[in-house]
Amino acid sequence: MARQQPSPWVHTAFLFCLLSLSGTIEIPMDLSQPPTITKQSVKDHIVDPRDNILIECEAKGNPAPSFHWTRNSRFFNIAKDPRVSMRRRSGTLVIDFRSGGRPEEYEGEYQCFARNKFGTALSNRIRLQVSKSPLWPKENLDPVVVQEGAPLTLQCNPPPGLPSPVIFWMSSSMEPITQDKRVSQGHNGDLYFSNVMLQDMQTDYSCNARFHFTHTIQQKNPFNLKVLTNHPYNDSSLRNHPDMYSARGVAERTPSFMYPQGTASSQMVLRGMDLLLECIASGVPTPDIAWYKKGGDLPSDKAKFENFNKALRITNVSEEDSGEYFCLASNKMGSIRHTISVRVKAAPYWLDEPKNLILAPGEDGRLVCRANGNPKPTVQWMVNGEPLQSAPPNPNREVAGDTIIFRDTQISSRAVYQCNTSNEHGYLLANAFVSVLDVPPRMLSPRNQLIRVILYNRTRLDCPFFGSPIPTLRWFKNGQGSNLDGGNYHVYENGSLEIKMIRKEDQGIYTCVATNILGKAENQVRLEVKDPTRIYRMPEDQVAKRGTTVQLECRVKHDPSLKLTVSWLKDDEPLYIGNRMKKEEDSLTIFGVAERDQGSYTCVASTELDQDLAKAYLTVLGRPERPRDLELTDLAERSVRLTWIPGDDNNSPITDYVVQFEEDQFQPGVWHDHSKFPGSVNSAVLQLSPYVNYQFRVIAINEVGSSHPSLPSERYRTSGAPPESNPSDVKGEGTRKNNMEITWTPMNATSAFGPNLRYIVKWRRRETRETWNNVTVWGSRYVVGQTPVYVPYEIRVQAENDFGKGPEPGTVIGYSGEDLPSAPRRFRVRQPNLETINLEWDHPEHPNGILTGYTLKYVAFNGTKVGKQIVENFSPNQTKFTMQRADPVSRYRFSLSARTQVGSGEAVTEESPAPPNQAYTNNQADIATQGWFIGLMCAVALLVLILLIVCFIKRSRGGKYPVREKKDVPLGPEDPKEEDGSFDYSDEDNKPLQGSQTSLDGTIKQQESDDSLVDYGEGGEGQFNEDGSFIGQYTVKKDKEETEGNESSEATSPVNAIYSLA
């Protein structure tokens, strides 16, 4: 960020000094005064012939002056020419060609005379010329024949124009001629070739002249070059060779000057103009040019080099720039120099220009006219347009060279004097009048002005006045008697009071008093001091990526009595606030920053009295510009050097360059990455492959992204060779059971190394030692037919082109097509317990390919009920599987097959072993659903009811019923029926219990009780509790069985129910 010094403000209320501080006094226009020229045309006045001619001349005076003109020093009678008129209240001439006429007829030297009764003022002598743009003469140009390496100059010789035309060279198809240190245009318009090369013959050369006033371009007939050479072929491969000339058989030569000729020349330049020195040399190789000044250094502040160092320009020449300059042309064969002697002349220039002289009657005065030049100019005085020698004598006037002295002037001394100083290079003409007046002091500005100024500024209070004799002026503050002069105050001759630094105590009323012998006049100015406008939080320099949002702050403090305006500039021009920008009171926000937003942003905080500026620079990071001007050098069989000019990095340093190539044989138009280089280099050696017609381009990369690719380089073809490698990724795979497809990745353009790339394919069965089969293939696959199923083959693929074969290829093992595998061997199903089933198998005897896995399908079944099929897939190495049974009753049917990529082969099927007494379990499930069984249960329930009634009656009579009182007491030995803790039942009472249910998957599922009715059927013993519940005891652990027996089933056996009632 930076705070800028605000520009000075000019206010209508605060009038700075309008007059020169040198003391020049202007006569008020209401007083009598001689004429003064206020506006005139330039001395050399060139006009457009298509427009009307305007020759300006305006003047002031009282009374208003009249005008007349001379043409070629003779009176120009305007009234006699209907095309010529003079503007009203002006001496400006208008020559109208709308009704016809030739502008050239009015060429000449014109001078304007402005006259009133007090004198005559003159304009400069105005040379009127009409612009010319003549056509080029028709000419037939023979072809220019030149030996390669020789120098050549193509002359332009444009037709003379006014002003001189701008010269440039193009081809006849309007393409610019590329210029460099070898081929360039001289200041005279000619085209110089330091040495001609064969590529110069690829275009023609036409000189063009652009004329300023008519905005037309004239084109000369083109030159055609015919270059004689020892190598008559396209030299693109040698154009940038480090020793290009010797490679093309061109003899090397020491430099010689084409312009200027010889070893020395001279040049004259006028003071204040630009000096242009030029040296153009021929030679092989092309010479370099250096400039020196004899006896001193070149003026670094004014000197600059142009046209590839062939021209030296020194601006605003002064006498110190005269002397001897020399240019040095050198190449490796030698060097020569040319010396240019520079002489600086000068048209007249003012040392002391005469100024208007205002005198009172009886006063003395003088007019001074001093000028310098080279040669020394002469001075001629005139009065009212006439030579002073021809004017009536005036005893009060004395001429002393460049000074006229007036003594005891009177009213009759009023006149306009002209000083004309001239030499061979030009002239100067100045008007100065002598006015004799008797006028008391008068104030020329409005009275009682209010002037507001800013604290600590330098300020001038103006008090314009007039009087004759010239009054003296004094300043006072707040009515105090002391004159304000010295210290912080300074009074100029024209009456302005300068306050060097405004303070708060300077506020007040200031009075200026003008006095001469005829009286006095005064005026007052009230001065108010205001606080300055200051930006206390300035915008800061920022770096932003494209697309982001940026905010620039600008917070301002100002005098509250002044109206504040905040505006923004971009690159010192008013900023257009578009829809991507938001201007707030103290900030500027830019959304979606783009490259065009980069630049300086200036916050301008202004009031009607002052302003403050703060500037910040926004740097936008963008993708780099594309590299340009790609050149190929150091051309070799297997390498080339690529050089490029980096593009603009758009404020983000280039980190990498990617070089890409394209070839026009295998994949024309497709670009491939070749190599990558650091962003610090712009030249690299590229390794190349044989027999590739290369074309390169470069992409620049920075943090933001990648540039657009550069324009392609010229093409370069390398010579051919046998392949140095063979195709990669060779495979042999069957697509059918009786074939094998051999495939490989084809070689690209950079590995082909020659034309007609092809492949020799060989194969044979592995370990048979049979002879190799071979075939030549142009593509990237070959199918071998009639092969056995899944047999290994040895395969070789070798590259070959017209230059020979590649290296011996390695051997790759491939296989013919696969088929479905045979069934797995020895499929075994084991059931170690009621919870799990173990499966085992061996690999198929004939895999017929690479096994991809095994597929196991199994389903649970129980009688006529079949569950949902489950499928398991195993890896090819797995040969075991353990499954968890869903229940201990159901059986399982298994189907196992092996898989190759062709599919699943023959399956082998096995079933799990049947659990014990599964038939009884099935009958139990079936009886529980029969109708007769339901009826039987109803009868049993009725019988139980009757038994309960009988039991009740017997108890009421005191009878005994042999029932064990306590179920937990074990049976004694005296009771033979209770020795094993169980009762005996007859077969007819051993009926299935209603307590089993059918599972959802169709298998038979037992109740949650661990007691199995199958065990009953096998003759197991049991016992009942007093409530009739059955205590099952099937194994040796009675405590567990008792606990389990206490778990009630979902349906109680009717037999148990009967005993519980008893």
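Tutor: The link of Cys279 and Cys327 is left-handed, with -75° about the S-S bond. This pair connects distant parts of the chain, 48 residues apart: Cys279 sits in the loop between strand E23 (275-278) and strand E24 (280-284), and Cys327 in strand E28 (residues 323-331). Helices (H or I, at least four residues) and strands (E, at least two) are DSSP runs, numbered from the N terminus. The model is predicted: local features need pLDDT of at least 70, side-chain atom pairs count only at pLDDT 80 or more, and totals for chains, interfaces and linings use all residues. Residues are numbered from 1 along each chain as its sequence is written, and side-chain values use heavy atoms, with hydrogens and water left out.

Student: How many disulfides does a search of the whole structure find?

Tutor: A disulfide is a covalent bond between the sulfur atoms of two cysteines. Here the criterion is a pair of cysteine sulfur atoms within 2.5 Å. The search of the whole structure finds six. With the bonded cysteines of the protein chain numbered in sequence order, the pairing reads 1-2, 3-4, 5-6, 7-8, 9-10, 11-12.

Student: Are Cys57 and Cys112 buried or exposed?

Tutor: Buried means under 20% relative accessible area, exposed over 50%, and partly exposed in between (1.4 Å probe, protein chains only). Both Cys57 and Cys112 are buried. Their disulfide has an S to S distance of 2.0 Å. Cys57 belongs to strand E5 (residues 57-62) and Cys112 to strand E10 (residues 108-116), so the bond ties together parts that are 55 residues apart in sequence.

Student: What order do the strands of the open sheet have?

Tutor: Strands of a sheet pair through backbone hydrogen bonds, either parallel or antiparallel. Two strands count as paired if DSSP finds at least two bridges between them. The open sheet of three strands has the order E4-E9-E8, with antiparallel pairing. Strand E4 (53-55) and strand E8 (84-86) stand at the edges with a single partner strand each, so one side of each is left without a neighbour in the sheet.

Student: How many bridges join E8 to strand E9?

Tutor: Three bridges join E8 to strand E9 (residues 93-95), and the two run antiparallel. Within this sheet, Val84 stands opposite Ile95 in E9.
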